[in-house]
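Have a look at the model first, then read on.

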Amino acid sequence: MTKHFTSLASAAGTLTLLISALLVTQTANAEGDSNIEKGRAIAFGGTKGNCLACHMIEDGESPGNLGPPLIAMKARYPDRDKLRAQIWDPTAANPESAMVPFGKYKVLTEQEIDYLTDYIWSL
Amino acid sequence: MMHRVLKQLTIAAVVYGFAATIQAGPQEDRQTFIDTYKWKFPNVPMEEYPNGAYAIDPIGRENWEAIEEFPPYETFIDAGREMWAKPFANGKGYQDCFPDGPVIAHHYPRWDKTQGQVVTLPLAINQCREANGEKPLKYKRGPINDILSFIAYESRGQVTNVEIPEDDPRALEAYEKGKKFYFTRRGQLNFSCATCHLQNTGMQVRTEILSPSLGHTTHWPVYRSKWGTVGTLHRRFSGCNENIRAKPLEAQGEQYRNLEYFLTYLSNGLELNGPGARK
């Protein structure tokens, strides 16, 4: 009886652990999704990233074509940090790049660049 | 795709080449611009360039031609004609300052050896006014656009012919300063004039097609729908600088006058067709 009780208790404990682990993962996912949403708002915002001025992105209206379409970003940038660096200062990789140095010239905050990178990387 | 990449690379080489070869003279500069655009837009004849983006944008051109059927700048030309004819308080008038007037737009901008600076048409107009005891006009908005519209209209068909006199090295210096301004990246968004109007001409920012610099100066002042009125070239310069989040410089200050000198030189040989109408 005692033995049964113990195993029951430990099973319950495991279950609790599992549930809380699940909850944590879900919260993390939700956070990831909301970061991507924040990044999307920055990308589409005319006074923030204004990425649509030059890049085609998903269903964004009236995109420009000065830069390449933002698709298959994980294939183009397997390393998220490299994508972030490209947004932070594209003239580091190519001095003739027409793209705005969003981080270097403080057009966006470091936090905003993180959200934006999350979003662009998801495309 | 490959073709486009090659083009971008070559244009990058052109832009970079400009920065590297300071010794290239004005004639070589102008030829490089012509070659670049000819190669980007092989089917656009030179005489189309005074029409700006509409030389390379068939859809925008249709709207523009519709607007030109009832030119929005017409009343400004009429107001300017009256201004030209009305004597100053001292009895003299613009005709006394400009004996060849009003067909004078093609004489500007020009290097003035005595003043040691580039004299543009708006500057010459204000110098005339001040010499006759009149208040100078503001350089971006207001009545200066009336008199400029009239002079531009009367000067239609004249040909851009900016000279850089060799007997005064300061003239070439002014041109070089204008050229340097054109190729210098500035503002929080880090654009130079060349980024959009040489390197990426014909590409779209949102729905706007970036215009070539050849022909940029032929049609001022311009009725701009966005402004809802006629404005000067230097007002447009300031607007461009604001767009890239750079500090707009003083209209008719030395820097914008030198830029105008360089930019107008590029259009040598192109017909004047002002005033213009733009979106």
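1. Let's begin with the cysteines. Searching the whole of this predicted model turns up 1 disulfide over all chains. The bond joins B:C97 to B:C128, with an S to S distance of 2.1 Å. The torsion about this S-S bond is about 75°, so the disulfide is right-handed.

2. Where do the two partners sit? B:C97 belongs to helix 5 (residues 94–97) of chain B and B:C128 to helix 6 (residues 121–131) of chain B, so the pair ties together parts 31 residues apart in sequence. B:C97 is partly exposed, at 29% relative accessible area, whereas B:C128 is buried, at 4%.

3. Some cysteines to check next. A:C51 is in no disulfide, and the nearest cysteine sulfur, that of A:C54, is 9.0 Å away; A:C51 counts as buried at 10% relative accessibility. For B:C240, the closest cysteine sulfur is in B:C193, 6.9 Å away and too far for a bond. B:C240 is partly exposed, at 33% relative accessibility.

4. Now the interface. Chain B and chain A bury about 1700 Å² between them, 46% of it on carbon and sulfur atoms. In chain B, the residues that lose the most area to chain A are B:R185, B:Q188 and B:R206, together 36% of what that side buries. The contact takes 20 residues from chain B and 22 residues from chain A.

5. On polar interactions, the count between chain B and chain A is 0 salt bridges, while 9 residue pairs are in polar contact across the interface. Helix 1 of chain B gives the most to the side of chain B that touches chain A, with 4 residues. That side divides into 8 nonpolar, 8 polar and 4 charged residues.

Key: Residues are numbered from 1 along each chain as its sequence is written. Chains are lettered from A and ligands numbered from 1 in the order in which they are written. This is a predicted model: local features need pLDDT of at least 70, side-chain atom pairs count only at pLDDT 80 or more; totals for chains, interfaces and linings use all residues. Side-chain values use heavy atoms; hydrogens and water are left out. Contact means heavy atoms within 4.5 Å. Buried area is the accessible area (1.4 Å probe) that two parts lose on being put together, summed over both. A salt bridge is a side-chain nitrogen of Lys or Arg within 4 Å of a carboxyl oxygen of Asp or Glu. A polar contact is a pair of N or O atoms within 3.5 Å; within protein, one must be able to donate a hydrogen and the other to accept it, and residues adjacent in sequence count only if both atoms are side-chain atoms. Helices (H or I, at least four residues) and strands (E, at least two) are DSSP runs, numbered from the N terminus. Ala, Val, Leu, Ile, Met, Phe, Trp, Tyr, Cys and Pro count as nonpolar, Asp, Glu, Lys and Arg as charged, and the others, Gly among them, as polar. A disulfide is a pair of cysteine sulfur atoms within 2.5 Å. Buried means under 20% relative accessible area, exposed over 50%, partly exposed in between (1.4 Å probe, protein chains only).
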